[in-house]
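Here is a short walk through one structure. Keep the sequence and the 3D view side by side as you read.

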Amino acid sequence: MSVIDQIFEKAKLNPQRVVFPEALNEKMMQAAYEAGTEGYIVPVLVGNADEIWETIAKRGYREDVFHIVDMADETYKNSLAEKYIALPETRLKEKALNRRMQDALQYAMVMQAVGEADVTFAGIDYTTGDVLLAGQMIIGMKPGITTISSIGLCDIPGYEGSEGSLLAVGDSAVCTNPNAEQLASIAISACDTVKSLLDWEPRCACVCYSTLGSGQGELVDKVTEAVKIANELRPDLAIDGEFQLDAAINPAVAQKKVKKESPVAGKANVVIWPDLNVGNVAVKLIQQFGHADAYGPMLQGFNKVVCDCSRSAPVSELKGNIVISAVRAAGEK
């Protein structure tokens, strides 16, 4: 059974409420419908209820699959606003919140923030910037995390690592040139993500062109400082480095290069790139020459699971990312 099949099976055991603010988008509605009818999620569509019901009927979908939230329902809206304002660390007061809740994306995130939904899923009609800004303002960041980032999961044929053919990598999509503090946040978030999604005990390697001082330069200093910060913030996590990639994932190379006790060296299941240049090129190499399937990117760092999908993604990929997001949400509870 492939990793994606395993994740789909996990989703069926505990279907999460996924809220879709792009309710009328054809691809989004179809992906939500398929994931809902197959028992992976409970799809919640937010918007104008009359338009949504009319569109569902026109497209021939079963009405009982969806839960519809009508943004014109003032009673429900006021109930959400009241609950949100009562949250301990909310930044928004009533007037500002009411203005934001005119927008379906932010309305959906308010639902999620107060526990009326488990995941917000968007990104076709809304831009990545829209999703990130709304997530920061409405959902907020996890304690101790300073930056939004992403993680991907690579299934690499012929690779025999500590988790078989699987390797989690980040950040390959969001944070362009993280400083040491941001890199530490990415590493911590990545560990929490793989734990919630795959039940792994994360072993996280921060990589660059040096292994424990074999090279010198600002980039090496940034990575070593990031490891130090991450270990201070989360001593419960196995985060180590700086390592070259081979020393991180190959036990034989680690034995030669790493002259200290390390729970990570040679058996890392999470690899953190020093910047987006390295991350983007590395993932493309893994895909092109390793013929790997790469799942993601999955956003991380928010208090709850927020997903920004690719607007060019086919329905099958959207459905896969919806299910992955739902399993992450269940795992984080």
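Is Lys-257 buried, partly exposed or exposed? Lys-257 is partly exposed, because its relative accessibility is 32%. Buried means under 20% relative accessible area, exposed over 50%, and partly exposed in between (1.4 Å probe, protein chains only).

A word on the source. This is a predicted model, in which local features need pLDDT of at least 70 and side-chain atom pairs count only at pLDDT 80 or more, while totals for chains, interfaces and linings use all residues. Residues are numbered from 1 along each chain as its sequence is written, and side-chain values use heavy atoms, with hydrogens and water left out.

Lys-257 forms a salt bridge with Asp-246, with the closest N and O atoms 3.4 Å apart. The pair links distant parts of the chain: Lys-257 sits in helix α11 (residues 251–257) and Asp-246 in helix α10 (residues 245–249), 11 residues apart. Helices here are DSSP runs of H or I, at least four residues, numbered from the N terminus. A salt bridge puts a side-chain nitrogen of Lys or Arg within 4 Å of a carboxyl oxygen of Asp or Glu. The count comes to 14 salt bridges. Among them, Asp-236 pairs with Arg-234 at 2.9 Å between the closest N and O atoms. Arg-17, Asp-118 and Lys-333 are linked in a network.

Now the cysteines. The count of disulfides, pairs of cysteine sulfur atoms within 2.5 Å, is zero. Cys-204 has its closest cysteine sulfur in Cys-191, 4.2 Å away, so the two are too far apart for a bond. Cys-206 is in no disulfide either; the nearest cysteine sulfur, that of Cys-204, is 4.9 Å away. Cys-204 is buried, at 0% relative accessibility. Cys-206 is buried too, at 1%.

Definitions and conventions: Helix = DSSP H or I, 4+ residues; strand = E, 2+ residues; numbered from the N terminus.
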